[in-house]
Structures are given as structure tokens and as C-alpha cells.
Amino acid sequence: MGSSGTCWISKPVFVVFVILSLGSCASSSSSLHPLVFQSQLEHLNHTAISDFRVLNRRFFGDCPNPSPYLQISVNSSSGGLGDDEFVTVNVTGVLNPSKSDWMAMISPSTSDVSSCPLNAMYYVQTGDFSKLPLLCHYPVKATYMSTDPDYLSCKKKECKTYQNGTSQCAVSTCSGSLTFHVINIRTDIEFILFSGGFDLPCILKRANPLKFANPNKPLYGHLSSIDSTATAMKLTWVSGDDKPQQVQYGNGKSQTSVVTTFSQDDMQSSVAIPSPAKDFGWHDPGFIHSAVMTGLEPSSTFSYRYGSNSVGWSDRIQFRTPPSGGSDELKFVAFGDMGKAPRDSSVEHYIQPGSLSVIEAVTDEIKSGNVDSVFHIGDISYATGFLVEWDFFLHQINPVASQVSYMTAIGNHERDYIDSGSVYILADSGGEVGVPYETYFPMPTPEKDKPWYSIEQGSVHITVISTEHEWTKNSEQYQWMKKDMASVDRSKTPWLIFMGHRPMYTSCPGFLSVDLRFVDEVEPLLLSNKVDLALFGHVHNYERTCSIYKSQCKKLPIKNEAGIDSYDHRNYGAPVHAIIGMAGFSLDEFPSGINNSWSISRRAEYGYLRGHATRTDIKLEYVNAKTRKVEDSFHITKAQVR
């Protein structure tokens, strides 16, 4: 979900309004002022060059009268950029430091960095209302020079010329320094100094392009389960090289990778509004490698490395297989709506401010050895058509996803786009239409663009659906859900957990926070198949319900002897629902005066859900990522409540 702040303010409604407003201006024309302008439909037909494109490129060029002393230098190794480093960019020779001066990190260096003020709509269509650079191609990162506290005050002065051979300075200049977190994104990068702010940028100075020492390096390996036996695990990684590589694991075993990728042609745009994925936000993804490690044992620890002699190898990494379906217990972590955030002071498209604290807390959970699997239920990276951000997300989750099974569900910001077959006709994916998501996260689904599946781990059967694909009674997905949940052998897996992105209940009203059609169609399946727990994201907070059906509490939890809410499923009433979309995106605060009898616990803090399922009990805890304290705890049992 793309809204944030107080949850009753519905920013997606405004996104739709902006898109429709842009379209409605197609027949009007007016002279443009640099700060006040209108756009037209990009393609009035499929052959004409639109006024949008022509007008959008009228504002470009170098700044007038730049300082002749201006220089940019970058502190980095002469052998090329590393895979993960902080680089310092130094600017010297500035005559008049300005609040409007800023630095961009561009990749590739051939990107069009002219000023394109109408490109604001690329951000807005995906729900991002931040103040971001309006160049003709999206910069990977950007930050104002004033981030250096000494820049505007000119504390670092250098005399360039002296008066008539005396020691009195005639012309002095100022300088500043910025630090950027750089990861290996394969294509070369360039730092460019602009003035004019983000809205009307002009170029002051360009640095020399920088290349990565090894653009073909195999990176960002992450694991997923392929079935319920836990005797095989899929490893997926990224490289700049299209030749098959290997994963070496265990005691001398190896498997060769299958290589795939995607292109701009796989991205989707609309006649009315161009998508960022198709143009402005495109970045070459390199090549995505996958290999299945077979011959493993469940609930066991192995090591692996991936790559090749020609492009290099990853470090050797320890990983743990999950328990097999039907075994006695499962320890898992679950959350939704994570995204990513910069590790420097730069701005990026769609920053999810809580993501770093959550991934650091979950990393510590992994280190403790008490996690078998992670489930991320939708709104994965929030790249939404700005493709380089998938690399930054994969880098961010690597400490977790490289060590345990990282299972995902698709969300609106991965799939939804106009005329793409998604249930919701919104631009939330920025034109990605699920292609990068399914390439980077190959789940055990029936086939491409059918991103639903089930898996059994320990004592739990987990049914994962797509709320973005058709779920009505006559749909393929509905029939699959019905068959899958009806087939669960409760003597083998006594627990049934249902996962999807959009929730059925929330105390945060908003545009499509809850789709009542989805509730009417799918909720009866949950009841008839005695789903124990339903987990959802999309709304950016944490909320737990009673045992609920059709907005009515069928049963309330009772306090056990430890004072923890306990749901007795020996005498089943209805599913317990929990929203867990608090893993990164700006939080949705609950409105005052909530009086929903079915809402048992609510928190608007960043965190994750920790679960431990045995054959008779599931213990669940909502953990605050910042404090690491348990903010809510509940228990579902099929044993005597004590």
C-alpha cells in the first residue's frame, strides 16, 4: 500500500486524481512557465511524438557562469569501486555556495541528466509524494551539498588569486564533502553537481565516470524453499555475466545455475501515462542465476558459495534448512511492506524509514538460531519501476535471506498496473507488472504470473495467495485456494495459516485498505477450511483481531495463566487475523476513537511477527524492532488452556 501517515488520509485516491487530471488536459494548450505547467497525454496516437516529451525536454543545459575553479574528486580505489563501500565526494572551487546546490549519483554515466520537470508524475503515479530530482533519467541517489554543515558557511576556504602580487586574497572559493553508500550495480556511475534545486536543475560540474572493479561479481544470493520436503533449496543471485555459474555446497556437491533476465520490453506502460519502468526509472538488471541444492536434510546446517572461477566467488555462507512438512515444530518470522532505506544521507524514490531497523532486528534473530523461515507478504522492495532499487533491497536483506528460506507473496507495488490484468487498475507497480518480482523471487508457483502456492513446514500448512490476481469464485486462483485448503491433512500439519497482501479487516479506513468484494468471496473459504491464522500486510501497522467472521467475533481470547491472550481452537470458532505491514513503510497511525469490538490489539511501531508452532500450540509475538521488546503476545492452542 502506498499511503502513509494518518491512515484515514487516502493518498492513492490523489494518485488516481493526478493521473486522470493529466489525461483530461489533453485537449488544452497553454504557454509554459518553468514553475507552472501542464502535461498532455503522452501518446495521442501510437506514432506521434507527444507534447509531453517535447515540453519535458525544453528545460536543460549547464548553469550560467559556473565557477572556473570548480572541481569534483572521489575518494575510491584506483582499481575500481568495490561491491559495498562508502565513498567520499569532494567539491572544491565553489564561488557562491547555495542552498540549491546538490549532488547526484547517476548510473549508467550515459544517462540523460537534462532537466525534465514533468517527470514528477513518474513519482506521483506510484504514490511517492517526496521532493525528488526532476531529471530526464532517475538518479540512483541525490543529496544537497548543505548536508555538509561547513558548505554554506564556507568554513573551508581556499584563495585562488591574490591582489597585485600581495598576500591579500582577491578571489577565494569554498568546498564541501558528501558521503555516498555505493553497492555493485554493475553499470558505471558518475557524480554530477547541480544547482537550481531538484525542481529546475542545471549542471555545474561532472566528475569522471567510475567503474566497478568486478561488474560481473555474483552477489545478493537468497534462499527459498521449493517444496515441503526441505531436502532441496533454491539459491538465486545476481551477476553481470550471462554464462552459467555454480553453487558449491555441502561436502563437494555442486549445481549449475539457470540464467534469466528481463528487459524494458517486459515492462508495461499506458497510453495515458508513461511508466517509470519503461523509461525514466529503467536500469539494466544484469543476469539472475538460480540453482537448486538437492540432497539436503531438513532442519540441518550446511554451507555454500556461488559464482565461478572466471567472475569470482561469493564468501562461504552457512544456511539452515527448514523443518519438513509434518515434523513437530516451526519457528518463523513474518512481516509485510518492508522496502529499503539508504544507509547515507541521500534521498531516493520511496524510502521506507523503518526497514533498516527491522532487517537488523531480524538478522539478530537469525544469528540466535531460532528462525527456520521468513515470510514477507507483499510490497517487497517498493522499487515500483525504479529498477536499480531492487539491487539495494537485495543487498539489504542479504544477511537474512542468504541464511534461511525467504518466502514471499506478491503485493500491489509489485504487480498492479493499468490494463495489465491485475484486479486493481492502479499504477502501483510503476509498470513492473510483477516481472522483476517473479524473476528475483522464484516461488513454487504453478507458472509465471500465477503467484500463489502452498508449502508445509513443521506442523504448519501455509497457503499463500495473490490479492492482486482474480480471486472471484470462477477464477483459477479461487479454485486452487479451495482445493489446496481442503486437502490439508490435519493429522500431519494440524495448523493452517493463510497469507496474502491486502487484509480483510483493519481499523484504518482508506482507499482499498479493505476490498469488501474480496472479503465476500474469500472469507467463507477461510471459515469452512478452519484456517487458524490469517496474516496480511498492505496497511502499515500491526493489528490483531478476535476469532472473526463477517465482522463479528465468534470467540474472544481468554487469558492463560501467564496473562497472555489464548485462542482455544479445540472448539473452533473462526480465524484470527493479524495485519503485519509494519516492517518499513511510513506507519499508518490509528485514528482516535476506534470502537471496533473485533480489534483486540493495535500498534503503530516498526517490527515483525515471531512465531513458534508445535503440534498443539502456536505462540506468536509482535516484536518492536527498535526496542526488541514484545509489544503483543498471543497463543493459539489445541490443548487445554492453562
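A disulfide is a pair of cysteine sulfur atoms within 2.5 Å. Keep that cut-off in mind for this tour. The model on your screen is predicted, and it holds five disulfides. We will visit some of them, then a cavity.

**Stop 1: C63 and C202**

Select C63 and C202. Their sulfur atoms sit 2.0 Å apart, and the two residues form a disulfide. Look along the S-S bond: with 100 degrees about it, this link is right-handed. Now colour the chain by helix and strand. C63 lies in the loop between helix 2 (51-56) and strand 2 (71-75), while C202 belongs to strand 9 (residues 202-206). The pair therefore ties together parts that are 139 residues apart in sequence.

Are these two cysteines buried or exposed? Buried means under 20% relative accessible area. C63 has 6%, so C63 is buried. C202 has 17%, so C202 is buried too.

**Stop 2: C154 and C174**

Next, select C154 and C174. A disulfide joins them, with 1.8 Å from S to S. The torsion about this S-S bond is about -95 degrees, so the disulfide is left-handed. Trace the chain on either side. C154 is in the loop between strand 5 (141-144) and strand 6 (157-162), and C174 is in strand 7 (residues 169-183). The two are 20 residues apart, and the pair links distant parts of the chain. C154 counts as buried at 11% relative accessibility. C174 is buried as well, with a relative accessible area of 5%.

**Stop 3: C546 and C553**

Move on to C546 and C553. Here the disulfide has an S to S distance of 2.1 Å. Which hand does the link of C546 and C553 have? The torsion about the S-S bond is about -95 degrees, so this disulfide is left-handed. Keep the surface on and check each end. C546 is buried, with a relative accessible area of 0%. C553 counts as partly exposed, at 27% relative accessibility.

**Stop 4: the cavity**

Leave the cysteines now. How many cavities of 30 Å³ or more does a search of the whole structure find? The search finds one. The largest cavity contains about 70 Å³ of space. To find it, select its lining: H181, K340, A341, P342, R343, E348, L356, F392, H395 and Q396.

Colour these residues by type. The lining divides into four nonpolar, three polar and three charged residues. Finally, highlight helix 5 (residues 388-401). This helix gives the largest share of the lining, three residues.

Methods
Residues are numbered from 1 along each chain as its sequence is written. This is a predicted model: local features need pLDDT of at least 70, side-chain atom pairs count only at pLDDT 80 or more; totals for chains, interfaces and linings use all residues. Side-chain values use heavy atoms; hydrogens and water are left out. Helices (H or I, at least four residues) and strands (E, at least two) are DSSP runs, numbered from the N terminus. Buried means under 20% relative accessible area, exposed over 50%, partly exposed in between (1.4 Å probe, protein chains only). On a 1 Å grid over the protein atoms alone, a cavity is a set of points where a 1.4 Å probe fits but cannot get out, and a pocket is an open set with protein on both sides within 12 Å along at least five of seven lines; lining residues have an atom within 4 Å of a point. Grid points are joined across faces, edges and corners, and a volume is the space filled by probe spheres set on the points. Ala, Val, Leu, Ile, Met, Phe, Trp, Tyr, Cys and Pro count as nonpolar, Asp, Glu, Lys and Arg as charged, and the others, Gly among them, as polar.
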